[in-house]
Every structure is written in C-alpha cells, then in structure tokens.
Amino acid sequence: MYSPLPVWFQVASLIVLTAIIIFDVVLAYKRPHIPSVKESSLWIGFYVSLALVFAGLMFAIGDVEQGGQFIAGWLTEYSLSIDNLFVFLIIMSRFKVPRKFQQGVLMVGIIIAIVLRAIFILIGAALIENFSWIFYIFGAFLLYTAWQQAFTGHEEEEESENKIIAFLRRRISISEQFDGGKLRTVVDGKKIFTPIIIVILALGTTDLVFAIDSIPAIFGITQDPFIVFAANIFALMGLRQLYFLLGDLIDRLVYLKYGIAFILAFIGVKLVFHALHQNEVPFINGGEHIEWVPVINTWMSLGVIVGAMAIATIASLIKLRRSPLAIPIGAPNFHDDEDENEERRS
C-alpha cells in the first residue's frame, strides 16, 4: 500500500497544472496558427522537462517507489496518447478542418479527455478500494484491448463516429462550411452550428474510448489516485504540439500499435498476478492468496514500457527508411496545400 504524498504538494501541483492548462487553452484560441516544427519541438521539450522535474520532486518529497510509479505511468499514458493522435488525425482530415484552427479544436478534445479521465480515475479508485477482485476484470479487459490493438485497426471507432454524425445531421442544423473557428454561424438569417460541433463530439467519443482503455492500464502501475491523475495530465500536455510535429508520420510508424499492444498485455498480466496475490474470490484457490505467483515491480514495468516503445519506434523508422514512399492506403493527407498557402499569405 502506498503512503500518500503531502497534501500541500498535491494541492500545489494541481493548482500549477491547472494554470498551465488554462494558459495553453488561451494561447490556442488567441493565436490560431500552424505551429512550425521548431515551435512544436520547443513546447514538447518544455512539457517533457516539466514532467521530469515533477518526477524529481516526487523522488525528493515522496520516495523512490512513487517517483518510479509516476514515470512508468506517465510513459504508459503518453504512448496511449500517441495512438489517440492517429484517430484525431483521421477526424481532422475527414472533416477538412482548416489547419489554422485545428489547435483550438484539439484543445477542446484534450479538455474533454482530462474531464473524462478524472471521472474514470475516481470510479476506478473507489472500485479498487472496495473490491479487490476488480483487478481480475481490469486485467482481462487490458488483455482483450491488447488483442484488438494488435489485430484490428480503427475501423470500429470510425464506424461508430459515422453513426453519431448521421444522427446529429438528422436532428441538428449544421452548415456545410466552416466559419473560421466558430462553433455557430449565420446562414440565411438563421443561427446554426458549424461542422466544428461534429468534430468536437467525434473527438469526445474517441476520448471516451481511450479513457476506458487507459485508466485500467495505469492502475496496473500504481493505485495512488493522485499519481494516476498527474501522469494523465502530463501525458496530455503538449499533445496538440505533438500532433503538428509528427503529422502523418504517426500513420507511418507501422509497428507502434504492436508496441502499445505489448504494453497493454504486459500490464494486463501484471494486474492478474496482483489479483491472484490479493485473491479473495472463493472459487479461486479456496479464497486464499496465491503467494507463488511472480511479483512484477515498478522498475521492471518501467523497463518493459520503455523497451517496447523503443523497439516499435526504431523498427518503424527502419521500415520507413527502406520504403519512405510507402504510405498506407487511406492515410490522411495531413499537409493541406491550401491551408499552407493561406498561412504563408498571412
């Protein structure tokens, strides 16, 4: 069982993180533009450095175990967030959202993700506190998710989004064209929604799916709700800059999904092992703990997470270098010439 971090540290951390998120939201809406590679790289470097500083504070104020749990949890959530970007890319491409206004839409998606994950963290923490057998369910769910991640694409999410979009268009007046970054516009003297409402709802649906996947994963690393929430916040910070930095390269990292699937499967197995250690289910070993099951500690988890992502990324880059023009069929066209020309003119 973990020793909670000092209350003052938790409160101060949440205040600082909230202030940074608010600043990021204001910046995205006050200055809509297409970030350059340099700008995106600097922002991502800043957020990664901030996460490492936070980890250092946890090592100093808490202990080595809590610091290690944060780093492992942050890397896990970061890898899952990169997979999330692929679906964001498809949504933006499908609706032809002007790249100049994609930052603002992405920030709405990220805020929705934060809210949803906070809700799921509270629910997950309450379930873990009261029902130790929930780890069996979390573990089985992650193993199932890992299988889907490795052997299916994003077709199911796209099909669900299409149904939602069709439903909305039948019941809500939505314009055919965007009006800058506005949510509503005037057509023939009548106020109606722009396609941005559909994009936001599509992002929200995607966030819901990924929240359901990612929260059990990080609870396999730590059961401290504060560390879980902090890791999620840091993983989502800089996500919009990463979106513009990687662009359609995300779609070319063909082995990335296998690395993520391996991480999910590994954590799923870890959760099942943990459940067996804490076993109270009557029909398993007579309701007694199973002590001979291997214990997977935080540092072993951290090594597996880093190793899986490194191998998947390096293998993808090697494949890309050997066949740089081989873009998968249906890959979204991230670089929109019209938007780039508009940006140059402005």
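I take buried to mean under 20% relative accessible area, exposed over 50% and partly exposed in between, with a 1.4 Å probe and protein chains only. The model is predicted, so I use local features at pLDDT of at least 70 and side-chain atom pairs at pLDDT 80 or more, while totals for chains, interfaces and linings use all residues. Residues are numbered from 1 along each chain as its sequence is written, and side-chain values use heavy atoms, without hydrogens and water.

Entry on aromatic pairs.
I searched the whole structure and got 14 aromatic pairs (ring centres of Phe, Tyr or the six-membered ring of Trp within 6.5 Å; planes under 30 degrees apart are stacked, over 60 edge-to-face, the rest tilted). I looked up Phe70 and Phe234: their ring centres lie 5.6 Å apart with planes at 80°, so the pair is edge-to-face. Phe70 sits in helix H3 (residues 64-94) and Phe234 in helix H8 (residues 225-236), 164 residues apart (helices are DSSP runs of H or I, at least four residues, numbered from the N terminus). Phe70 is buried at 0% relative accessibility, and Phe234 is buried at 3%. I also find both in one aromatic cluster with Trp8, Phe9, Phe54 and Phe226.

Entry on H11 and H12.
I checked helix H11 (residues 256-277) against helix H12 (residues 298-322): the axes come within 8 Å and cross at roughly 165° (lines fitted to C-alpha atoms over the stretch in contact, angles from 0 to 180 degrees between N-to-C directions). That makes H11 roughly antiparallel to H12 (over 145 degrees; under 35 is roughly parallel, 65 to 115 roughly perpendicular, the rest oblique). Among the residues in contact (heavy atoms within 4.5 Å), I note Phe262 and Phe266 in H11, and Met309 and Ala312 in H12.

Note on methods: Helices (H or I, at least four residues) and strands (E, at least two) are DSSP runs, numbered from the N terminus.
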